[in-house]
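I opened this structure to get my bearings.

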Amino acid sequence: MRLIMAEVFNSWQGEGGSVEGSAFGRRQIFVRFAGCDLHCEWCDSKQYIDASRVSRWRYEVEPFTGKFEYRPNPASLEDVVDAILRLDTGDIHSISYTGGEPTLQVKALKALMERMKHLGFDNFLETHGGLPGLIKEIAPLTDYASVDIKDETAKAVDDWRNLVLREVKSIRVLREAGAKVYAKLVVTSETKVENVRWYAELLKGLAPLAIQPREPIEIGQERLMELYREAAGVMGRKNVGLSFQVHKYLTVL
Ligand code: SF4
């Protein structure tokens, strides 16, 4: 089994805030897959989007040291498992599969998730959620999931509404399989209130929503409150929260 990897490291989960299903503030081992089929304007993993250009991957030698070893792509499943286990500090909440988009390599992802479950770890999936057919294959192995709702301002695809509907479908698939799921919505000063209302209507009764300002933060507090109020009005006040990319303030990975 071969994987196109970007990196493996140990850090704090900085996103998700306090909504149910979030692992904010928990320690995780992050497994970043190379490759993504979307093109969000503010993507912070742009160097990993075209998997064919990611000729090598890296793993942290020791947590928080910033020291990495490099290996050529594609990686073997054994090498990735080995890198993960080296970074097990004994206080790991879960293994985070992130990207890029991990579900694009669903067979390898599934094999890795199975392996980590077998070794006693919980699986945490970070996905754009646009591929519910692939999500189905790994949903039974997923303990936690953060699924994006891509706002129109992300300009991730041409048919943005259709993407949102597929993301909601992925959330439903994961929920039905028993995973704890929350939806993550990155907002900007251009995000429309009526769009947030639409997302909230789709998510109502399905999953909580973490609203995350785009980094560097350019949305004003008043606007952010307005979007929050709109979502909470539809979904219920206990089902919405803010999320910030706290790991960036800590200057850790
Ligand atoms: S889905 Fe994530 S990895 Fe893919 S382009 Fe958007 S922000 Fe980047």
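**Overall form**

The C-alpha trace spans about 45 × 35 × 35 Å along its principal axes.

I noted that this is a predicted model: local features need pLDDT of at least 70, side-chain atom pairs count only at pLDDT 80 or more, and totals for chains, interfaces and linings use all residues. Residues are numbered from 1 along each chain as its sequence is written.

I looked up 7 helices and 12 strands. These are DSSP runs, numbered from the N terminus: helices are H or I with at least four residues, strands are E with at least two.

Most residues other than glycine have a negative phi, and most peptide bonds are trans. I looked for exceptions.

The bond from Asn 73 to Pro 74 is cis, with omega near -5°. Pro 74 sits in the loop between strands S5 (68-72) and S6 (75-76).

Gly 99 and Gly 100 are also joined by a cis peptide bond, with omega about 10°. I found Gly 100 in the loop between strand S7 (94-98) and helix H2 (106-118).

Phe 64 has a positive phi of about 65°. Its loop runs between strand S4 (56-60) and S5. Phe 64 counts as partly exposed because it has 14 C-beta neighbours inside 10 Å; buried takes 20 or more, exposed 12 or fewer, with C-beta atoms placed from the backbone.
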